[in-house]
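We will go stop by stop.

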Amino acid sequence: MDKKTLILNSAVSLFAQRGYHQTTIQDIADEAGIAKGGIYFYFKSKEELLLSVVSDFYDRMFDQAVEAANRYVHAPKEGLVQQVMNHFQDAGSHSNMIALLTRGQIDVNADVRSVLLAMRGKFLVWFRDQIIVVYGPRIEPYAFDLSALLTSLVREYMSFILVNGAALPVRRLAEAIVARVDDAARGVIRSQEPPMLTTAFMKTILPTLDIREGSDASRQLSRAIDALLARIGAEDDADEGATTARQAADVMKEEASKPKPRRVVLEGLLTLLERMCRGGTAEKELEEARRLVATFGS
């Protein structure tokens with residue numbers, strides 16, 4: 001373990017046990033087994049050390065979410081389950097940090113509050129985008145509401161685990177949370193009630209974050225189509241069939257990028273591409289394209 005990480009771990013442990021104001025730089029140095037000056041080599045003050053503790057924790061949590069999403073890019077709902085699981089699997093190793101944030105061990109000053117709000121917003125946007133990938137473009141108007149539901153459930157169950165000592169099975173708990181998001185997603189699509197957290201509203205609340213219009217589903221479909229073209233050999237410019245395949249793929253991409261893509265058009269074009277596949281060599285690519293097309297509304 002490098003010295004900076006040692007200092008951060010020692011600081012969060014003492015902050016959680018004693019409270020931020022009751023912990024001195026000398027206490028942290030003693031806990032880490034280094035000279036007091038060694039801390040000032042990395043951090044100018046205790047306040048800067050606290051900011052680094054909070055930022056480092058959230059950065060690691062976010063990196064884990066991105067890694068899980070990338071690992072399950074062809075099974076996005078399982079990827080979402082894995083991301084939720086990560087929060088609970090790391091609860092033990094991050095118990096001091098979570099206690100620090102949830103049990104009033106620190107008086108949140110303006111700088112810390114700014115970091116906490118920024119990371120909360122970052123996770124809201126991240127899970128909003130993940131929800132659109134899982135449920136398709138038609139869920140986009142409600143995606144922030146569903147993201148708020150998901151993050152709230154994670155936070156409350158985390159409290160039961162850390163504060164009340166509840167022993168909850170991680171996999172089952174993550175699946176249950178995603179199942180509740182499933183229920184809510186079906187409900188809002190069926191009711192067509194206006195969302196509370198609209199994209200326009202969230203852009204005013206989180207002006208510094210990249211909240212993109214349109215979903216990642218269209219980008220994922222575009223990548224799936226490219227993979228399908230490569231598999232069926234549509235890169236041959238001299239082949240008439242290849243030309244037809246590329247034209248169909250271009251129209252599919254254009255349709256998928258529209259605000260309200262028509263699934264019937266996407267399905268028709270995909271059927272055309274399927275006919276060009278021979279011997280089942282592109283079945284994996286076709287399956288992924290079919291899955292993505294199915295997420296688009298009628």
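At what angle do the axes of helix H4 and helix H5 cross? Select residues 46-71 for H4 and residues 76-89 for H5. Their axes cross at roughly 155 degrees and come within 8 Å. Axes here are lines fitted to C-alpha atoms, for helices over the stretch in contact, with angles from 0 to 180 degrees between N-to-C directions. H4 and H5 are therefore roughly antiparallel (over 145 degrees; under 35 is roughly parallel, 65 to 115 roughly perpendicular, the rest oblique).

Before moving on, note what you are looking at. This is a predicted model, with residues numbered from 1 along each chain as its sequence is written. Local features need pLDDT of at least 70, side-chain atom pairs count only at pLDDT 80 or more, totals for chains, interfaces and linings use all residues, and side-chain values use heavy atoms, leaving out hydrogens and water.

**The whole chain**

Zoom out. The chain has 14 helices and zero strands. Helices (H or I, at least four residues) and strands (E, at least two) are DSSP runs, numbered from the N terminus. Of the 298 residues, 45% count as buried. Buried means under 20% relative accessible area, exposed over 50%, and partly exposed in between (1.4 Å probe, protein chains only). Contact means heavy atoms within 4.5 Å. Among contacts with a separation of 6 or more, 70% join residues 24 or more positions apart.

**Back to H4 and H5**

Show side chains. On H4, pick Met-61, Gln-64, Ala-65, Ala-68, Ala-69 and Arg-71. They meet Gly-79, Gln-82, Gln-83, Asn-86 and His-87 in H5. These contact residues divide into four nonpolar, six polar and one charged. Ala, Val, Leu, Ile, Met, Phe, Trp, Tyr, Cys and Pro count as nonpolar, Asp, Glu, Lys and Arg as charged, and the others, Gly among them, as polar.

Now select His-87, in helix H5. Is His-87 buried or exposed? His-87 is buried, because its relative accessible area is 13%. Its side chain reaches the backbone oxygen of Gln-83 at 3.0 Å. Beyond four places in sequence, His-87 touches Met-61, Phe-123, Phe-127, Val-154 and Met-158.

**Along the chain**

Select Asp-129 in helix H7 (residues 110-135). Asp-129 is buried, at 11% relative accessible area. Draw a distance to Ala-143: 7.5 Å, C-alpha to C-alpha, across 14 residues of sequence.

Next, find Gln-192 in the loop between helix H9 (170-191) and helix H10 (199-205). Gln-192 is not a glycine, yet has a positive phi of about 60 degrees. Gln-192 is exposed, with 52% relative accessible area.

Move to Glu-255 in helix H12 (residues 240-256). Glu-255 counts as buried, at 3% relative accessibility. What does its side chain reach at 2.9 Å? The backbone nitrogen of Arg-262.

**Last stop: H13 and H14**

Select residues 263-275 for H13 and residues 283-294 for H14. They pack at about 170 degrees, with axes 10 Å apart. That makes H13 roughly antiparallel to H14. Their contact residues divide into six nonpolar, no polar and four charged. Look for Leu-266 and Leu-270 on H13, and Leu-286 and Val-293 on H14, among others.

Note on methods:
Polar contact = N/O pair within 3.5 Å; in protein donor to acceptor, adjacent residues only side chain to side chain.
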